[in-house]
Amino acid sequence: MINGDVARGWINRWDAQQQGYLPDREDRFTALIDAVEAAAGRPDPLILDLGSGPGSLAVRLLRRIPAATVVAIDADPLTLGLGRAAWREVPGLRFVDADLRTPGWSVALGLDRQPDGAVSTTALHWLPEAALTALYAELATVLRPGGLLLNGDHMRNDDSEPTLVRLGRALIEREEQRRFPDGLAETWTDWWESAAADPALADLVAEREARRVDSEHHGSPSGRLSVHLAALRSAGFAEVGTLWQRGENRLLCAVRPAIETRHTT
Ligand SMILES: C[S@@+](CC[C@H](N)C(=O)[O-])C[C@H]1O[C@@H](n2cnc3c(N)ncnc32)[C@H](O)[C@@H]1O
């Protein structure tokens with residue numbers, strides 16, 4: 001396993017490059033954790049982090065709710081390896097290598113009780129629409145009754161609202177230009193290229209290459225708000241709506257019904 005300081009150094013760089021694309025990233029983390037805290041109903045909630053990357057959200061959640069357990073799920077050996085090495089001393093945090101596109105992903109988690117919530121940031125737009133719909137359907141069977149999904153991501157308006165789509169994009173571009181007039185210090189691509197060149201990460205990089213993990217994921221229909229709303233409703237989530245928002249950057253919340261309302265007849 002790689003050295004913890006080296007891993008934390010790479011995660012600091014990860015956070016800085018993500019913050020470049022999402023100036024409100026910390027505000028969104030804070031709002032999401034506020035919602036977990038307010039809804040958990042117990043001091044030691046069990047929370048799934050879907051597409052956790054190296055665990056940026058998971059560790060912030062555990063700093064605020066130290067008695068929680070977070071199962072951080074990702075399919076990328078490099079970000080999983082960084083998270084495991086950096087946060088091995090953090091009680092309550094466990095990383096699981098699982099592909100959220102594969103039906104039955106929740107079985108691999110080895111859960112001993114139903115989770116109180118599932119959280120995710122900047123990850124679920126990677127999934128094709130059919131895989132996202134299947135993921136939400138499986139999640140609805142896993143969460144405890146009354147449990148929450150909290151998904152923070154850019155979710156644009158529908159293509160039938162082209163002006164809103166265009167203005168949503170324009171707001172993001174203008175904000176980026178205001179905050180970073182000289183461009184980003186390190187882009188997503190720069191980060192991956194630099195990580196690939198670090199001999200300390202060679203084993204993780206080799207595993208990533210062997211598995212053919214792809215970091216390019218733009219343009220998926222799962223970046224549309226309507227796709228999430230339809231998939232969550234068809235999965236049987238009861239209340240579905242935006243809890244926090246800045247432009248297209250939203251925190252979507254969905255509640256599993258406390259009492260099963262679906263009928264078979
Ligand atoms: C942009 S990163 C965000 C990571 C972290 N949630 C954060 O906010 O920093 C997206 C993550 O989703 C993960 N991911 C994408 N598709 C996945 C899948 N099918 N199964 C599991 N993880 C996936 C990627 O490996 C990556 O770590």
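So, let's start with L150. If we skip its neighbours within four places in sequence, L150 is in contact with L32, A35, V36, A118, V119, S120, L243, L251, L252 and C253. Keep in mind that this is a predicted model.

What's the strand order? Seven strands form an open sheet, and reading across you get β3-β2-β1-β4-β5-β7-β6, with mixed pairing. At the edges stand β3, residues 93-97, and β6, residues 239-246; each has a single partner strand, so one side of each is left without a neighbour in the sheet. From one strand to the next, the twist averages 20°.

Let's zoom in on one pair. Strand β4, residues 117-121, and strand β5, residues 148-154, run parallel and are joined by five bridges. Here our leucine comes back: L150 in β5 is the bridge partner of V119. And α2, residues 25-39, packs on the sheet, where this helix touches β1, β4, β5, β6 and β7. The direction of α2 makes about 170° with that of β5.

Over to another pair. Strand β2, residues 69-74, is joined to β3 by five bridges, and these two run parallel. In this pair, V70 stands opposite L93 in β3. How does the chain get from β2 to β3? The chain goes through helix α4, residues 77-86, and this β-α-β crossover is right-handed.

Last stop: S52. You'll find S52 in the loop between β1, residues 46-50, and α3, residues 56-64. Buried or exposed, what do you think? S52 has a relative accessible area of 8%, and buried means under 20%, so S52 counts as buried. Who does S52 touch? Not counting residues up to four places away in sequence, S52 touches A72, I73, D74 and F95.

Key. Residues are numbered from 1 along each chain as its sequence is written. This is a predicted model: local features need pLDDT of at least 70, side-chain atom pairs count only at pLDDT 80 or more; totals for chains, interfaces and linings use all residues. Side-chain values use heavy atoms; hydrogens and water are left out. Helices (H or I, at least four residues) and strands (E, at least two) are DSSP runs, numbered from the N terminus. Buried means under 20% relative accessible area, exposed over 50%, partly exposed in between (1.4 Å probe, protein chains only). Contact means heavy atoms within 4.5 Å. Two strands pair if DSSP finds at least two bridges between them. Axes are lines fitted to C-alpha atoms, for helices over the stretch in contact, and angles run from 0 to 180 degrees between N-to-C directions. A crossover is right-handed if, with the strands pointing away from the viewer, the path from the first strand over the helix to the second runs clockwise.
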